[in-house]
Amino acid sequence: MTDWTQWIGRVETRDDLVTAAPVRGLMATLDREAAEVVPGRALPPLWHWLYFLPSERQSDIGADGHARRGNFLPPVPLPRRMWAGSEFEFRAPVRVGDAVRRTSTIVDVTHKQGRTGPLAFVRVRHEIRCNDDVDPAIVEFHDIVYRPARQPGDVDPAPVAAPSATWQRVIVPDDVLLFRYSALTFNGHRIHYDRKYVTEVEGYPGLIVHGPLIATLLLDLLRRHRPEADVAAFSFRARRPTFDLHPFSVCAAPDTDSGKVRLWGADHEGWLTMDAVATLR
């Protein structure tokens, strides 16, 4: 593995306008009742992912459907890329009609030796500002992991049983749900829609449900049970891939003493697939 630490400190800036159409699209995708989306309406937590979409030319797309590596992100040669987790601080609302700027900085690149070969981890800090504000409205840390191609005989980590839930919602991850979320976030990663690619090239049994979609469904579950909840911070970590082969569950258990809500995803067998914590103001 090449030392990619020289990428630490690289900065990328993107500008966007918070428009109404993506908000309506995600409302429909999450199976929420249609509501009027007017200027000044605050976005729910994580809905900023509807903006700052990738815009690389078609000729600059790699074999996996992502932009070719080596511009902002380091050109790690390991073929499998996954969203390992994220941490957020929601400091101020982002509203429909806001002019927004995202400043992204690579803050760390590390290498490890895993059970199935070398791993590379890239950590990116995103700061989102609204209307030329000095202070960011959202601070996000995004962890990306690169892994080698799956080999015969590779053994997955031992699964962990999900805990008992106070709130639970069953999600059916059909092709339409995965397509709509990919379209809303302009996500070309083929593991989410190209069954031949994901099974024959990356060696998974089915299409992979987007980690950000599961995280969004977790906070959506919180909003369904506590519409007034004001989320100050949120973090999630992917534990196992979730495939489109079976329904899965998004679950939560609030802790009234700490002001935190534990949230998690569980597969059809009850194994933990994503672990998350929301901190309320």
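**Close-up views of a predicted model**

**Figure 1. D220 sits in helix α4.** The helix spans residues 211-225, and D220 is one of them. The model is predicted. D220 has a relative accessible area of 2%. That value is under 20%, so D220 counts as buried. Beyond residues up to four places away in sequence, D220 touches L30, R32 and R169.

**Figure 2. Helix α1 and its cover.** Buried residues of α1 are A20, P22, V23, L26, M27 and T29. What lies over them? The cover of these buried residues includes α2 and α4. Helix α2 takes in residues 175-184. D31 follows α1.

**Figure 3. D31, a residue with positive phi.** D31 is found in the loop between α1 (20-29) and β2 (80-90). Its phi is positive, about 65°, although D31 is not a glycine. Most residues other than glycine have a negative phi. Is D31 buried or exposed? D31 is exposed, because its relative accessible area of 60% is over the 50% cut-off.

**Figure 4. N131, in the loop between β4 and β5.** Strand β4 covers residues 117-130, and β5 covers 138-147. N131 lies in the loop between them. N131 is not a glycine, yet its phi is positive, at about 55°. The relative accessible area of N131 is 40%. This value falls between the 20% and 50% cut-offs, so N131 is partly exposed.

**Figure 5. Two buried cysteines, C130 and C251.** C130 has 4% relative accessibility and counts as buried. C251 is buried too, with a relative accessible area of 4%. How many disulfides does the whole structure hold? A search finds zero.

**Figure 6. V96 and its contacts.** V96 lies in the loop between β2 and β3, the latter running over residues 99-114. With a relative accessible area of 7%, V96 is buried. Which residues does V96 contact, leaving aside its neighbours within four places in sequence? Among them are V18, T19, A20 and V23. V37, V38, P39, G40, R41 and L43 are also in contact with V96. Two of these partners, A20 and V23, are buried residues of α1. E12 is 84 residues from V96 in sequence. In space, the C-alpha atoms of V96 and E12 are 23 Å apart.

**Figure 7. S164, in the loop between β5 and β6.** Strand β6 takes in residues 167-171, and S164 lies in the loop between β5 and β6. S164 is exposed, with a relative accessible area of 68%. Along the chain, S164 and A252 are 88 residues apart. Their C-alpha atoms are separated by 8.7 Å. S164 touches A253 and W264, not counting residues up to four places away in sequence.

**Figure 8. V172, in the loop between β6 and α2.** V172 has its place in this loop. Buried or exposed? At 54% relative accessibility, V172 counts as exposed. V172 touches L177 and P247, with residues up to four places away in sequence left out. L177 falls within the 175-184 range of α2. S59 is 113 residues from V172 in sequence. The C-alpha distance between V172 and S59 is 34 Å.

**Figure 9. The whole protein, for orientation.** Four helices and 10 strands make up the secondary structure. Their order from the N terminus is β-α-β-β-β-β-β-α-α-α-β-β-β-β. The radius of gyration is 19 Å, close to the 19 Å that the globule rule gives for 281 residues, so the protein is as compact as a globular protein of that length. The C-alpha atoms fill a box of roughly 50 × 45 × 35 Å along the principal axes. Of the 281 residues, 44% count as buried. Of the contacts with a separation of 6 or more, 73% come from residues 24 or more positions apart. The accessible surface is about 13700 Å², and 52% of it belongs to carbon and sulfur atoms. There are 35 positive and 36 negative side chains. The centres of the two sets lie 2 Å apart.

Key. Residues are numbered from 1 along each chain as its sequence is written. This is a predicted model: local features need pLDDT of at least 70, side-chain atom pairs count only at pLDDT 80 or more; totals for chains, interfaces and linings use all residues. Side-chain values use heavy atoms; hydrogens and water are left out. Helices (H or I, at least four residues) and strands (E, at least two) are DSSP runs, numbered from the N terminus. The radius of gyration is taken over C-alpha atoms; the globule rule is 2.2 Å times the number of residues to the power 0.38. Buried means under 20% relative accessible area, exposed over 50%, partly exposed in between (1.4 Å probe, protein chains only). Contact means heavy atoms within 4.5 Å. Accessible areas come from the Shrake-Rupley method with a 1.4 Å probe; for residues, only the protein chains shown count as cover. Lys and Arg count as positive and Asp and Glu as negative; His and the chain ends are not counted. The place of a charge is taken as NZ of Lys, CZ of Arg, CG of Asp or CD of Glu. A disulfide is a pair of cysteine sulfur atoms within 2.5 Å.
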